[in-house]
Amino acid sequence: MLGVIVRRLLLAAPLMVIISLIVFVLGSLAPGSVAESMLGSSATPEAVRELNRQLGADQPVLVQYWSWLQRAVAGDLSSSIVSGRPVTELLAARLPVTLSLAVGALLLVIVIGVCSGMVAAVRGGFAGRVVEVLAVLVRGLPTFWLAMIAGVIFGVNLMWVPVSGYVPFGDSPSDWALSLALPVGVLAFGEAALVAIVTRAEMLAAMRSDYVRSLRANGYPWKRIVFKHIAKNAAGPVLTMISLVFVGLLGGTILMEQIFAMPGLGSQMVTSTANHDLPVIQGLAVFYTAMVVVVFLLTDVAHGLLNPKVMAR
Amino acid sequence: MSAVIEGASADAELRAAAERDAGFLRRLARQPLTVGSAAVLFLVVLAVVFAPLLSPSGPMEQDLLNIYALPSADHLLGTDQLGRDILSRMLHGGRVTLLGVVQATTVCTLIGMTLGLLAGTLQGGVEVLVMRVCDVLLAVPGLVLLLVVLAIFGQNETAAMITLGIIMSPTLIRVVYSATVAVREEPYVAGARVAGLNSRQIIMRHILPAVAGPALTQISLVAALACLVEAAIGFLGLGVVPPNPSWGNMVTDAQQAIVLAPWMLVPSGGIIAVVALSLTLIGNGIRDAYAGRASGSVSAYSWRALTPVVEREDRRPAPAEVKGVELETDRPAPVLSVKRLSLDLPRGRSHVRIVDGVSFDVGPGEALGIVGESGCGKSMTISGVLRVVPMGARVVAESIGFRGVELTTLGESEMNAVRGTGIAFISQEPISSLNPAFTVGHQLQEAVRLHRGTGRAESKAVAHDLMSRVRLPEAEVVGRKYPHELSGGMAQRIAIARALAGEPDLLVADEPTTALDVSVQAEILDLLRDLREQSGMALILVTHDWGVVAEACDRAMVMYAGEVVETAPVRDLVSNPHHPYTQALLRSSSVGAEPRQLLPVISGSVPAPGSWPTGCRFAARCGLVQDRCLTAPVPLVPTTGGVSARCVLVPSTLEAVR
Amino acid sequence: MNKLLLEVNDLGVVYRGRGRRKDKVALDGVSVAIGAGETLGLVGESGSGKSTLGGCVLGLVRPEHGSITFDGRDITRLAARDRRTLSTQIQAVFQDPYSSFNPHRTIEQTVSETLTNLPRMSRQDRRTRVVAMLERVGLDGSALERFPAQFSGGQRQRIAIARALLPEPRLVVCDESVSALDLSVQAQVLNLLLELQADSGVTYLFITHDLSVVRHMSTRVAVLEHGHLVEEGGAREVTDHPTHPYTRKLIAASPGSDAEVQEARRETRRAMARLEAGGTDADVHALHALEIQAVIEALAEPLSGATGGFARVLNEFTHEPVALDKLVRLRAAILDLAPRTSAAMTSEVVNRRVADARERLCRSLAENDRALHFAAQCREILVAIDSRQRERAVSVVASFDDTRVAEHRATTGRP
């Protein structure tokens, strides 16, 4: 087990480096320079060149990247060129919002997706059809549009939840939960369908397998077969799907933060994109990737625990 | 897949496969949902392409006196906050979105197909490299990278959509790759190489057609996703700069007017939904058409649907059968007594009979062999007894008596109690009949706990005892292994031990040695015999191998086309078969035949279920056929010495027919 | 042997393990040869390397060392282009009739694939040739436009044979070609293969795990075990008078259809198991089981020369006094009535104990003046075997040691 974790960690590090390098190189391709952005269009070429020299932007890309990487490892992701605040500070301030959204939605996705997938597989008939139709529908509907409709219904008409804004957990846990309800619900609704489809398909495949036939023929109660024998075998692909769904959820948080006016990493990302605030964008991109890597690592570990063949490899 | 595919399942598969070959496009055209989606999509694309001609007014034309208008004859979809015609804006805005979809999908398809096929066919370093790159790309949060690109390239749509294509490619690469690998391992590809085809020919003829279905499915989904993402970018205000319309920024407009004019949400988001949904549905349609099934037909499959319909048939038995029962009164009361068991499997909307009125008894401690060729219904017979049948099956029987209990009247849970403790089962593929996710020791102990209600420690002791009974040495070591770490023979021993956990009176073994080597087969058959002698357990052994029957059984029942044609003690059956089918089959064996001389064969093949003749079902292949064989069903009639045969040439049958 | 067509020399194949999996030696120094128009049967259990050998001949598996010569030409490591040209001369029929066809291609497309490397011919010629071949295997032109799924397993295997024989190859590798087929269909396909060979003089490399099939089909047989060649020779020779213990074990384990033989073999196996467990008197029981089995086997499937050896020993047995060793030799010769099976069932250790029991029983026979009586019994068995009187022979052999009680007393020293 430990071996799997260590090996995965060793793979995760180069992954981070590659992603940050891609982002950095892309950034260097951008027309204009950081100094131009900082000084505005009225700046003299001399001033721009001087600032670039000070910032090290006149160096080759790889050299710049190397110094950025060194600082990043030490915990310094440089500063915003718009506000001048350190990127790490921005991250720290906005992380709780995004994390609440993403983790909340992920948990909801797992609960809804796995349960409805199982129900569809076990009961079949109408329940199965509902899951199948919903899955298609949900994949075809734009989440941001759904979010707004949900906002109109639950926020404006029914007034069950606030239409926008975010209340920190520390201020009021109940308001925190209420402020998350809509965005988390909408996010999870979309992605849960994917998990449900995979859960159902995997369980149905297991039901046709030889070992399930043997268990049935030897008088195992159906609950034991479904919840123990089939569940453990179906869990692997479902886990993989969940980790992929998490990547989608992170993208979704950007939209949700925008729609529900929540001060998270995503809304920062959108603002910085509009402002060409490269250091912030780079820092955020790397940080998002890091979150994905952590989730992938966790699913890999879970995989190892579930599937003896993975361990054997 | 097992070497010998039994009965109806094989038939169903054949049928499914035949349908698959009826033409992919034709099947696609038969799906109303897919055709409808394609039509809608086509109309939308046409309308968007000819937007300047079709739109009632210019996309920027303002009418400040008529803002937030609801749909009317002038403005079919109403107006927005500046009084602009929503329909016109939608048609013009779609040009950007659809162009973006085409760009992203094209890039994704090019990368996905090329790399997927390369990785799948070249193997080695390329394979590893491509799959690693995929892993990396999959870990990139797509929207985040898109925003990075938009920031860097100054909100350039084309750059964003190309990036999107790249980000979405790993899934397609994986789909193409795994489809390629699946085909690459197919024996027919090896066959093509042996036939002398070069790599290009193999890819064009064998690999691409197999990859096309999954790839097309994935590409439609990619297009749907591209549509949604493009709209999302527009919605975030990072794509097309207002006041130029795009589907995304029209939703933004609607959002700002959400309280004043909720109607605006409907057309703006609706068009995105319509396009994305159509693409998704087309993808699903392609998938279903490719898999050779009607749209959505899998949804009928579920755990609940596995429970069969069991009917008890109250019917006056025919005189011949009454006589049969009476004649066998000298034998002790049977453990299992099956009377007129039939099993129907669903085919399309109707059912087709697979097993037809099979009756047999198994005495205490007796070993009954059920022999026959593929498709004769021998496996389905025991499935019917155990009620573990393919989905949608119908079991009809006059009576299935087990230890004096009538099984046909039992509910599913009562029946489940009989399985395992009364009747146990072992299957053909020893390794796959064990759950791959648990150690065999755990599975064995679970069976003991379940069937004997013992505690943890005692279960472990019993499990060890069972393992020594099936002659598995080093119970501790073997118990810690997973099924895939065992040899076929060891796995079958574990399966037998698991079946013994409930101390059953009857063990049902479905081709238990077919997948094993001959030397292992002998060991397993010896083991079954010894266990039977030790515990007095009866055995039903289903097999197509006459050697196995001779080796392991006391009595054998020969099945042909869903019915029993002969029952006899094994020795008599082999040395003096009564039914022409049994005779011909035994003669056609190469065992003991004169080497390199032609064998006496039975011409033709077993008639498929659903196309059985009225008369003797073997008549068409029988060398001794007479007119009376063809007219009416031939009863199974007992002769002397516990032999029964279903043939008009057997003397006692002659009498019965008269 | 006819003129050599295929010669496999010192062939070795190693499957390289990936990651932590170890390398696996699939073939180790295997040499076999086939004459033109003959059939070499390749037998072995799973993991014996028999299919690997076929793969090497077909160019699907790359050998580590050794050479394969086809018609005097080294084809071990051919370039892809040359290999393709060779495909008109070496063809194959694989095991699974279900997966060896591309389900999306018609029978015509599939069958004519093997004509790819022949000189270009018109569509019409090609079709005529395919139809003629299909008719030869018992199908007709209506099959051309159909798909594999519309045919049964046996029909598909016929199509596979048609496809393989279409370019008129000189060698066809049949890899478990009939293993997945039912008995009646199997017989049809075996007949077809034999007929085609008689017609065209094609050579078969016939790979199978089924001894009776290999015996039926082959002119020569090679037995593989764990990648090693353990025995090779004429088909009859190897299957009737196997010399290697593994071959004997295979024969003893493969079920025949004769119930009595089965029972006799089973009795032997169980007696051996008891002997190994060390039961009292177990060695005597084991010897009896072996003797009865030998006689039953000799009656069920008489082997040329098997009774001859026994008769020769018996003929030396004419006048008194009888030397003990002679008696022991006679009694041992009973087992030679079924040399390929009874010997296979005894391990070295067990064999020694059985021999001890035999000597003990013979000494008792001699001491009780029953040596000549024993010889008479043996003669009776011989007669019974020659005249196919199974019951008589078995009853005699079962009464060998009627004196078993006395014998028992003698050995244990109790009254």
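How far apart do the C-alpha centres of domain 1 of chain B and domain 2 of chain B lie? They lie 56 Å apart. Domain 1 covers 20-291 and domain 2 covers 318-422 + 504-576, with bounds that come from an automatic or database domain assignment.

Some conventions before the rest. This is a predicted model, in which local features need pLDDT of at least 70, side-chain atom pairs count only at pLDDT 80 or more, and totals for chains, interfaces and linings use all residues. Residues are numbered from 1 along each chain as its sequence is written, chains are lettered from A and ligands numbered from 1 in the order in which they are written, and side-chain values use heavy atoms, with hydrogens and water left out.

Chain A next. Its secondary structure comes to 13 helices and 0 strands; helices (H or I, at least four residues) and strands (E, at least two) are DSSP runs, numbered from the N terminus. The C-alpha atoms of chain A fill a box of roughly 85 × 55 × 35 Å along the principal axes. Of the 313 residues in chain A, 49% are buried, where buried means under 20% relative accessible area, exposed over 50%, and partly exposed in between (1.4 Å probe, protein chains only). Taking the contacts in chain A with a separation of 6 or more, 72% are between residues 24 or more positions apart; contact means heavy atoms within 4.5 Å.

Now the interface of chain B and chain A. Here 78 residues of chain B are in contact with 76 residues of chain A. The buried area is about 7000 Å², with 68% from carbon and sulfur atoms; that is the accessible area (1.4 Å probe) that two parts lose on being put together, summed over both. The rule finds 3 salt bridges across this interface, a salt bridge being a side-chain nitrogen of Lys or Arg within 4 Å of a carboxyl oxygen of Asp or Glu. Lys228(A) forms a salt bridge with Glu446(B), with the closest N and O atoms 3.2 Å apart. On the side of chain B that touches chain A, helix H12 (residues 265-291) gives the largest share, 11 residues. By class, that side has 49 nonpolar, 22 polar and 7 charged residues. Ala, Val, Leu, Ile, Met, Phe, Trp, Tyr, Cys and Pro count as nonpolar, Asp, Glu, Lys and Arg as charged, and the others, Gly among them, as polar.

What about chain B and chain C? In this case 63 residues of chain B are in contact with 66 residues of chain C, and the two chains bury about 5800 Å² between them, 54% of it on carbon and sulfur atoms. The rule finds 7 salt bridges across this interface. Arg269(C) pairs with Asp526(B) in a salt bridge, the closest N and O atoms being 2.3 Å apart. Several helices of chain B each supply at least two residues of the side that touches chain C, including helix H10 (199-235) and helix H20 (518-535). That side has 29 nonpolar, 17 polar and 17 charged residues.

Last, some detail within chain B. The structure holds 53 salt bridges over all chains. In one of them, Glu412(B) meets Arg387(B) at 3.9 Å, N to O. Glu412(B) is in helix H15 (residues 412-421), and Arg387(B) is in the loop between helix H14 (378-386) and strand E5 (394-397), 25 residues apart. Buried or exposed, where does Arg387(B) stand? Arg387(B) counts as buried because its relative accessibility is 6%, while Glu412(B), at 29%, is partly exposed.

Glu476(B) forms salt bridges with Lys460(B) at 3.7 Å and with Arg480(B) at 3.4 Å. Arg480(B) is exposed, at 57% relative accessible area.

Finally, Thr543(B) lies in strand E10 (residues 538-543) and is buried at 2% relative accessibility. A polar atom of its side chain lies 2.9 Å from the backbone nitrogen of Asp545(B).

Terms used
A polar contact is a pair of N or O atoms within 3.5 Å; within protein, one must be able to donate a hydrogen and the other to accept it, and residues adjacent in sequence count only if both atoms are side-chain atoms.
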